[in-house]
2 protein chains.
Amino acid sequence: MTDFDTNKPIYQQIAEDILKKAVRGEILPGDRIPSAREYASQKLVNPNTVVRAFQDLEREGLVVVKRGLGNYLTTDTTRLEDARFQLAQKTLIQCAKDLRELGYTTKQIQQLLSQQLEVMK
Amino acid sequence: MTDFDTNKPIYQQIAEDILKKAVRGEILPGDRIPSAREYASQKLVNPNTVVRAFQDLEREGLVVVKRGLGNYLTTDTTRLEDARFQLAQKTLIQCAKDLRELGYTTKQIQQLLSQQLEVMK
DNA sequence: ATGAGTGTATTATATATCTAGTACACTAGT
DNA sequence: ACTAGTGTACTAGATATATAATACACTCAT
């Protein structure tokens, strides 16, 4: 297993990995995505786990599965942008909620984030 | 089951719940924490799950367990502040990392978070 | 001493996730 | 037709999490 967080299902992390590559332009609309077997052997996970991730992506309209051929990123760029924004939104809401519950004020949260972003430069 | 996120172990969420109440001042250093049985029946979870959360908190030095009596918040306020900051740090790092991977710039991330905090006012 | 309320420990069961292995159907190039 | 590479489907087993039920040990008020 490579690069996966243990407290989150691997199939979810795979789906997010594909989405992230797509929104960053590493995969272009219509591009072929590695097959389940390729991806599995590259990341050292079970093919079944990859299949589940790809099925989720297909359900969300981000990937088109062509039996016998492989998996392709959708050409529907709106879908991609929507998925990107939704994931960002979800991440932000959770983060802001958690920090609020830890008793930090709006200003403190902004300050902490700025420091963090600076460090990550 | 009440108020628990399905994609995170309940015992972790319980431990975080106690920590959050502590750093917000809803529980004071040295205060008694509900017993495992009380907490379990109040939150509609299994006592064993609560026990595990309390054991984790004890391992982190946030809670002192007194057999036959109950569980007490530590009087070591430094430990509490450390735990608070560590959890905040972890949350922020994950958030910033996720948004970076979604292709957002530093400025965009700060802007998005500010908007989110504004909405949550 | 007794009893109510604690923490602790153990066993059993259920579910989700992940792995492993196998088999089958589809597509394209030869 | 054949073959290699695909997606799909299924069964089986391992692990983590959560529940359920029970028993035992400790503390304190009575």
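How many residues of domain 1 of chain A are in contact with domain 2 of chain A? Seven residues of domain 1 of chain A meet five residues of domain 2 of chain A, where contact means that the C-beta atoms, placed from the backbone, lie within 7 Å. This is a predicted model, in which local features need pLDDT of at least 70 and side-chain atom pairs count only at pLDDT 80 or more, while totals for chains, interfaces and linings use all residues. Residues are numbered from 1 along each chain as its sequence is written, and chains are lettered from A and ligands numbered from 1 in the order in which they are written.

**Chain A: fold and domains**

- Chain A has five helices and three strands, taken as DSSP runs numbered from the N terminus (helices are H or I with at least four residues, strands are E with at least two).
- From the N terminus on, the order of elements in chain A is α-β-α-α-β-β-α-α.
- Chain A is more spread out than a compact globule, because its radius of gyration of 17 Å is well over the 14 Å that the globule rule gives for 121 residues; the radius is taken over C-alpha atoms, and the rule is 2.2 Å times the number of residues to the power 0.38.
- Along the principal axes, the C-alpha atoms of chain A fill a box of roughly 55 × 30 × 25 Å.
- Buried residues make up 26% of the 121 residues of chain A (buried: 20 or more other C-beta atoms within 10 Å of the residue's own; exposed: 12 or fewer; partly exposed: in between; C-beta atoms placed from the backbone).
- Of the contacts in chain A between residues at least 6 apart in sequence, 52% join residues at least 24 apart.
- An automatic or database assignment divides chain A into domain 1 (10-75) and domain 2 (78-120).
- The centres of domain 1 of chain A and domain 2 of chain A, taken over C-alpha atoms, are 26 Å apart.
- The side of domain 1 of chain A that touches domain 2 of chain A has four nonpolar, two polar and one charged residues (Ala, Val, Leu, Ile, Met, Phe, Trp, Tyr, Cys and Pro are nonpolar; Asp, Glu, Lys and Arg are charged; the others, Gly among them, are polar).

**Contact between chains A and B**

- On the chain B side, 26 residues are in contact with 27 residues of chain A.
- Elements giving two or more residues to this side of chain B are α1, α4 (77-101) and α5 (106-119) of chain B.
- α4(B) gives the most, with 11 residues.
- By class, the side of chain B that touches chain A has 15 nonpolar, six polar and five charged residues.

**DNA strands**

- Around DNA strand C there are 23 residues, the closest being P9(A), I10(A), G68(A), S35(B) and G68(B); a residue is near a strand if its C-beta atom, placed from the backbone, lies within 6 Å of it.
- The surface near DNA strand C takes two or more residues from each of α1 (10-23) and α3 of chain A and α2 (36-43), α3 and β3 (70-73) of chain B.
- DNA strand D also has 23 residues around it, and S35(A), G68(A), P9(B), I10(B) and G68(B) come nearest.

- Strand β2 (residues 63-66) of chain B and β3(B) run antiparallel, joined by four bridges (strands pair if DSSP finds at least two bridges between them).
- V65(B) has N71(B) as its bridge partner in β3(B).
- Three residues lie between β2(B) and β3(B) in their hairpin, and G68(B) in the turn has a positive phi of about 85°.
- F4(B) belongs to the segment before α1 (10-23) of chain B and touches I10(B) and Q13(B), not counting residues up to four places away in sequence.
- F4(B) counts as partly exposed because it has 17 C-beta neighbours inside 10 Å.

Conventions
Two residues are in contact if their C-beta atoms, placed from the backbone, lie within 7 Å.
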